[in-house]
Amino acid sequence: MPKERIAIYPGSFDPLTNGHLDIICRASKLFDKLIVGVLHNDAKKCLFTMEERADLISKCIGDMPNVSVQTFNGLLVDFVKKNEGIVIVKGLRAVSDYEYELQMAALNKHIDSNIETIFLMADVQNSFLSSSVVKDVAKHGGDVRGLVPDRIIDDIQSHMKCKL
Ligand code: PNS
């Protein structure tokens with residue numbers, strides 16, 4: 001029997017946006033299994049804990065049977081190997097994402113040359129969307145509808161209220 005083709009979609013997901021969910025949905029159709037990896041980005045101070053971020057993702061992937069979510073502390077390539085992944089999936093919104101993502105892809109390839117990184121272009125309607133934008137809108141009492149999946153709007157808004 002051929003080996004399952006497992007892909008990893010890593011990120012901070014602080015919190016998950018409609019842009020992330022679109023990439024998850026599209027990548028899930030390209031691989032046998034997609035694991036969304038909630039990892040630590042040293043450059044970011046997150047608002048939600050890793051577990052909270054993973055819970056928000058879990059609430060949105062129920063209708064995609066080959067998608068699961070995990071948290072991990074450590075190197076992305078180690079997470080990929082632990083899960084027998086062959087590919088890292090990343091989303092690209094604009095040229096501004098490219099430089100950073102190119103560096104990460106090259107670094108991960110340097111650490112383990114067997115692991116490929118592939119990029120899916122963000123849908124144009126999500127090209128302005130980021131977790132930071134969502135947090136900014138929510139923090140100032142704005143409406144995050146259309147920016148994040150409907151089923152996590154209340155969680156995000158009530159979490160923001162507690163943090164204010
Ligand atoms: O959503 P983000 O913050 O752009 O995701 C970045 C993330 C979490 C994928 C990246 O920081 C990462 O891979 N962190 C794990 C530690 C690691 O492997 N660092 C070296 C390669 S970036």
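Glu 101 counts as buried, at 10% relative accessibility (buried means under 20% relative accessible area, exposed over 50% and partly exposed in between, with a 1.4 Å probe and protein chains only). The side chain of Glu 101 meets that of Lys 90 in a salt bridge, at 2.8 Å from N to O (a salt bridge is a side-chain nitrogen of Lys or Arg within 4 Å of a carboxyl oxygen of Asp or Glu). Glu 101 belongs to helix α4 (residues 95-111) and Lys 90 to strand β4 (residues 87-92), so this pair ties together parts that are 11 residues apart in sequence. Helices (H or I, at least four residues) and strands (E, at least two) are DSSP runs, numbered from the N terminus.

The model is predicted: local features need pLDDT of at least 70, side-chain atom pairs count only at pLDDT 80 or more, and totals for chains, interfaces and linings use all residues. Residues are numbered from 1 along each chain as its sequence is written, and side-chain values use heavy atoms, with hydrogens and water left out.

**Salt bridges**

- Nine salt bridges are found in a search of the whole structure.
- Side chains of opposite charge can pair when their charged atoms come close.
- Lys 90, the partner of Glu 101, is buried as well, with a relative accessible area of 15%.
- Arg 26 and Asp 22 form a salt bridge through their side chains, at 2.9 Å from N to O.
- These two residues are four apart in helix α1 (residues 18-28), so about one helical turn separates Arg 26 from Asp 22.
- Arg 26 is partly exposed, at 29% relative accessibility.
- A salt bridge also joins the side chains of Arg 93 and Asp 97, with an N to O distance of 3.0 Å.
- In this pair, Arg 93 is partly exposed at 36% relative accessibility, whereas Asp 97 is buried at 12%.

**Ligand site**

- The largest pocket is the space taken by the ligand.
- On a 1 Å grid over the protein atoms alone, a pocket is an open set of points with protein on both sides within 12 Å along at least five of seven lines, whereas a cavity is a set of points where a 1.4 Å probe fits but cannot get out; lining residues have an atom within 4 Å of a point.
- A molecule sits in a cavity or pocket if more than half of its atoms lie within 2 Å of its grid points.
- The elements giving two or more residues to the shell around the ligand are β1 (6-11) and α4.
- Helix α4 gives the most to this shell, with four residues.
- There are 14 residues around the ligand, of which Ser 12, Asn 41, Lys 44, Leu 76 and Met 104 come nearest (a residue is near a molecule or strand if one of its heavy atoms lies within 4 Å of it).
- A polar side-chain atom of Lys 44 lies 2.7 Å from a ligand oxygen atom.
- From the backbone, an N or O atom of His 40 lies 3.1 Å from a nitrogen atom of the ligand, and an N or O atom of Leu 76 lies 2.7 Å from an oxygen atom of the ligand.
- The protein covers 83% of the 520 Å² of accessible area that the ligand has on its own (accessible areas come from the Shrake-Rupley method with a 1.4 Å probe, and for residues only the protein chains shown count as cover).

**Loop between β1 and α1**

- Phe 13 is placed in the loop between β1 and α1 and is buried, with a relative accessible area of 3%.
- Although Phe 13 is not a glycine, its phi is positive, at about 50 degrees.
- Pro 15 is found in this loop, and the peptide bond from Asp 14 to Pro 15 is cis, with omega near 0 degrees.
- Most residues other than glycine have a negative phi, and most peptide bonds are trans.
- Leu 16, also in the loop between β1 and α1, counts as buried at 0% relative accessibility.
- The C-alpha atoms of Leu 16 and Ile 152 are separated by 8.8 Å, while the two residues are 136 residues apart along the chain.
- Thr 17 lies in the loop between β1 and α1 and is buried at 2% relative accessibility.
- The side chain of Thr 17 reaches the backbone nitrogen of Gly 19 at 3.1 Å.

**Loop between α3 and β4**

- Glu 84 is placed in the loop between α3 (76-82) and β4.
- Glu 84 has a positive phi of about 55 degrees, although it is not a glycine.
- With a relative accessible area of 48%, Glu 84 is partly exposed.

Conventions: A polar contact is a pair of N or O atoms within 3.5 Å; within protein, one must be able to donate a hydrogen and the other to accept it, and residues adjacent in sequence count only if both atoms are side-chain atoms.
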